[in-house]
Amino acid sequence: MPASDLQRVWTAELLRLVGWLVLATLVGLAAGCTTLALLIALAIYLAGHLLYAFQLHRWLTADRVEPSDGVGVWRDIYTELHRLKQRNRRRKKRLKNIVSEFQASTAALPDGAVVLDRRGRINWFNDAAAAMLTLQARADRGQRIVNLIRHPRFSSFLAAGHGGDAELEIPSPANDQDTLLIRIVPYGNAQRLLIARDVSNRKRQEITRRDFVANASHELRTPLTVLRGYLEMMGEETDQSKALSAWQQPIAEMHIQSQRMGRIIDSLLRLAQVEGENLAQRQEYIDVPAMLEGQVEDLQNSGEASQEFVFDIDTSLALYGRYSEIESVVSNLVANAARYTPATGQIHVVWCQDDRGACLAVRDNGPGIASEHLHRLTERFYRVDKGRKASDGGTGLGLAIVKHCLEHHESELEVESKLGEGSAFICRFPRQRILSRRAA
Ligand code: ADP
């Protein structure tokens, strides 16, 4: 209501009151009892207001009872309230339409969507979520989601409170042959939207591709071993015979290349092995200090590392994990540092604990890596210097293996490097994987 109308209504009301009191005074003067007449007039005026106030109260509390039109200022108050109520009704209708449109569109989504409150209880879910996660409309609303999706990795994923880009793959509760990809998107007032996508087909294709690579690598191993054997024999013969000396160089080159093929095949097989979930593999106590020292010693004994090694190792610290995978991580990082650092360089091996968990770092003062390569290092076959010699032992698969092994331990690889200054490869293990080292 504009301010001028408000003023007009209340002025009229005041005039009405004054007129009413003047009338009462006149009647009182005529009857000789002015005070009584004024009191009666005020009581009637007050009773009228009380009646309208009562009607208003009744209307507000019991929605259905419409008040009568009212007089004076009350007429305007009622009209204003009617208008507000209608506006509210229209707004409610519009919101209802929006909600039903939202529900209809999310119901049509192929992805499952579940709205969770701040305590992880289910507020709402669409049909796809009901089918994928075997949720029941009546029984499961208000239930905590961790009681319904009973997978150990799911509860820690939900508790970790990721920012929306983290993903988790779990077997579908409806059929454990299927795989669901889960994302949690925070929104609003500590609420979360759980999105579940059926990625079974993609997963099956990945498994088929992995099996193919593993089978092909396995099949290539035997013919390659035969070729390598003959090349070795031929190499010896060309060394001894002058007539065959022209073949010495090509055969030596073929031998080097066949050795490289052997390393690639071995790495492909290892990668196929660790790319699989491999969750069935036993987890155990790992004496990391002993493993680090052993790996460096093997490398030095085989003549592949002549750099100076400096150890900074917390000997009270051990790890809980899959032994062969952690061994792959250590051997690849140490071998890389030895491969890329000049013989006069220094390699620093660190195993320690900080507030984030356990940390395994291999630092070198080798050539370093330009920053544009850093985010691609863990891609398969990615090599910074594509023109390196075949004999240097690299296959471009080492860091891809490291990354997968660490993922199986909820751990991450960080790479810090500066051209000309050296590189640091740092593995960060979560606190719950730390064990106390037993006395040897
Ligand atoms: P490779 O078998 O070629 O070493 P990796 O996957 O282990 O393959 O490493 C990928 C690439 O990262 C390497 O080709 C190399 O260019 C670079 N790299 C890895 N470790 C180091 C290091 N310590 N110093 C410099 N470059 C490195």
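**Basis.** I number residues from 1 along each chain as its sequence is written. Because the model is predicted, local features need pLDDT of at least 70 and side-chain atom pairs count only at pLDDT 80 or more, while totals for chains, interfaces and linings use all residues; side-chain values use heavy atoms, with hydrogens and water left out.

**Layout.** I found domain 1 at 3-100, domain 2 at 109-198, domain 3 at 202-276 and domain 4 at 284-436; these bounds come from an automatic or database domain assignment. Taken over C-alpha atoms, the centres of domain 3 and domain 4 lie 25 Å apart. I noted 13 residues of domain 3 and 17 residues of domain 4 in the contact (heavy atoms within 4.5 Å).

**Area.** I read about 1300 Å² buried between domain 3 and domain 4, with 62% from carbon and sulfur atoms. Buried area is the accessible area (1.4 Å probe) that two parts lose on being put together, summed over both. On the domain 3 side, Arg-270, Leu-271 and Val-274 supply 38% of the area buried against domain 4, more than any other three residues.

**Charged pair.** I counted one salt bridge between domain 3 and domain 4 (a side-chain nitrogen of Lys or Arg within 4 Å of a carboxyl oxygen of Asp or Glu). Arg-380 forms a salt bridge with Glu-275, and their closest N and O atoms are 2.2 Å apart.

**Composition.** By class, I recorded five nonpolar, three polar and five charged residues on the side of domain 3 that touches domain 4. Here Asp, Glu, Lys and Arg count as charged, Ala, Val, Leu, Ile, Met, Phe, Trp, Tyr, Cys and Pro as nonpolar, and the others, Gly among them, as polar.
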